[in-house]
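Dear colleague,

Please find the structure below, handed over for your records.

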Amino acid sequence: MARPTKVGLDYFPFDVDFNVNEKTEAIMGEFGAKGVLTTIFIFSAIYKRGYFLEWTPLVKNSLANRIDGVNSKLVEQVVNRLVAYGTFDEELSNSAKVLTSSRIQTTYLEATKRRKAPRPTLYWLVDEIETEINVVINPQSKGNKNKLNQSNKDLNLIKGGCVNDPIPMVKLT
């Protein structure tokens, strides 16, 4: 049975200067620490699901219930402010009620570049030129046969033999 395709990320990069980012400072000034914590929880919810979050009343209330002293009205106000600041794409937020951005999508793509899943298309904002990522995946055969053959060739060359010469067997007692 094949392993199910992984959705979302287990963790995401968090900028060390997040606390001095002008958008974070604006959220902190207007909503206090609860607003900043709400922002972090929203990013976690987005990356847990992938690269976007469908903004429904259920999601909003779920996020509000996770933070002590926060209600759904405050969560909605923080999201509206983040959309106004350009943290989330305004057009998608207004038309499809989806929270995402080019930066979120680029981060997601970078984190999942080794996955064999098809490229995301739903609510995708990032141009193809921006997302070209060069990934080298080294093939390995079962049983490390390639590594064994290479080590035999290397050993043979060290002994002064030809690559195609058989390696003499040494009996250990």
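Along the sequence, the protein chain runs in the order α-α-β-α-α-α-β-α-α, with seven helices and two strands; helices (H or I, at least four residues) and strands (E, at least two) are DSSP runs, numbered from the N terminus. Please note that this is a predicted model, in which local features need pLDDT of at least 70 and side-chain atom pairs count only at pLDDT 80 or more, while totals for chains, interfaces and linings use all residues. Residues are numbered from 1 along each chain as its sequence is written, and side-chain values use heavy atoms, with hydrogens and water left out.

Of the 173 residues in the protein chain, 29% are buried (under 20% relative accessible area; exposed is over 50%, partly exposed in between; 1.4 Å probe, protein chains only).

Four salt bridges were found in the whole structure (a side-chain nitrogen of Lys or Arg within 4 Å of a carboxyl oxygen of Asp or Glu). One of them pairs Glu30 with Arg81, with 2.6 Å between the closest N and O atoms. Glu30 belongs to helix H1 (residues 22–31) and Arg81 to helix H4 (residues 72–84), so this pair ties together parts 51 residues apart in sequence. Glu30 is partly exposed at 40% relative accessible area, and Arg81 is partly exposed at 29%.

Another salt bridge joins Glu76 and Lys60, whose closest N and O atoms are 3.3 Å apart. This pair links helix H4, which holds Glu76, to helix H3 (residues 57–66), which holds Lys60, 16 residues apart.

Yours sincerely
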